[in-house]
Amino acid sequence: MGKRHHVIEARQFDREMLEGELFPLADEMKILAARGGASILSRRIMASLFYQPSTRTRLSFESAMYRLGGEVISTENAKEFSSTIKGESLEDTIRVVGAFAHVIVLRHPADDAAIRAAEVSRVPVINAGSGTDQHPTQALLDLYTIKKELGHIDSISIALVGDLLRGRTVRSLAYLLAKFRNIRIVFVYGEGMAVHEGILEHLTEHGVPFSHTHDLARIASEVDVIYMTRFQKEWIADNAASLQAAYDTTLFTEEVAQRLPAHAIVLHPLPRNQEIYEAFDSDPRAAYFRQSDNGVPIRMALLRTVIA
Ligand code: NCD
């Protein structure tokens, strides 16, 4: 990845770029932000175009841009408050917004939105979540957090937990993990919420062993990382409540916490519903708020890298 390049999917990154460039740059950005920011991207404008709700992704991108001295133009609910309501295509919107900004950060309900946007955009497009398919910047900050918390990414056992059918963060993270050595993945999901075959094929091709269970407590003592995700109810038209009952076998309970090794960490892309009980937040293994904090330096590093 370099200047003027798009950030479309997790697979586009290689570990040399991550460990050699992006993560060290994020370390620098953390220090820079703590010192009050810089003017590296002054006179540069970021457009955040969000067709789906978001708090932390949008705000952390906007915060990252401001901390680098840049400016932000933003449409928070692009589905209703943009020309989409007048029938404009995503492609036309991207063509037009490219004249207003030096980078476009896009969240959209269609799986192929970022690819379509990148095809017509004259400025870099950063995918901030596309459909149920990809959320590459979340996966980057997830991996950065694992590296910071455990000191290494190679040789970890990780449980990916929750609604794996619809959760885009897990998909992106699984693709990134496949680039590291000696990784072991346990997929933990409610009945009917299994991860897509395509990901399993990708893992097999890359020699990553994986297993499946519905019972988080059973495997909690064997993992270094538990990555929790919420039930993705907004993608389900009806009977969401009955499906949610199946998801309940994967909750992070006190029993899971007791079995989890002392060195292990618990991650969550947030927002959390009821899947991690709140009293666990004060446990040192609860790394999800530190993970969320890492969103700003990782996104500063990405903006610094893609904006000319
Ligand atoms: C995730 C998303 O939008 O996919 N949120 C986020 O960006 N932190 C996860 C989710 O909504 O469950």
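Modeller: One term to start: a polar contact is a pair of N or O atoms within 3.5 Å. Also, this is a predicted model.
Biologist: Okay. What does the backbone of Leu270 do with the ligand?
Modeller: A backbone N or O atom of Leu270 is 3.0 Å from a ligand nitrogen.
Biologist: How much of the ligand's accessible area does the protein cover?
Modeller: The cover is 94% of the 310 Å² that the ligand has on its own.
Biologist: And side chains? How far is the Thr57 side chain from a ligand oxygen?
Modeller: An N or O atom in the Thr57 side chain lies 2.8 Å from a ligand oxygen. Arg168 also has a polar side-chain atom 2.8 Å from an oxygen of the ligand.
Biologist: Which residues are around the ligand?
Modeller: Among them are Arg56, Thr57, Arg107, His135, Arg168, Thr169 and Leu270. By class, the shell has 3 nonpolar, 5 polar and 4 charged residues.
Biologist: Which helices supply at least two shell residues each?
Modeller: α2 (56-67) and α6 (168-177).
Biologist: Which lining residues are closest to its centre?
Modeller: Of the 23 lining residues, those are Arg107, Arg168, Arg230, Leu270 and Pro271. α2 and α6 are the elements that give two or more residues to the lining.
Biologist: What's the lining like by class?
Modeller: It has 5 nonpolar, 12 polar and 6 charged residues.

Note on methods: Residues numbered from 1 in each chain as written. Predicted model: local features only at pLDDT ≥ 70, side-chain atom pairs only at ≥ 80, totals over all residues. Heavy atoms only, no water. Near = heavy atom within 4 Å. Polar contact = N/O pair within 3.5 Å; in protein donor to acceptor, adjacent residues only side chain to side chain. Areas by Shrake-Rupley, 256 points an atom, 1.4 Å probe, with all protein chains shown as cover. Helix = DSSP H or I, 4+ residues; strand = E, 2+ residues; numbered from the N terminus. Nonpolar A, V, L, I, M, F, W, Y, C, P; charged D, E, K, R; others polar. 1 Å grid on protein atoms, 1.4 Å probe; cavity = no way out; pocket = protein on both sides within 12 Å on 5 of 7 lines; lining within 4 Å.
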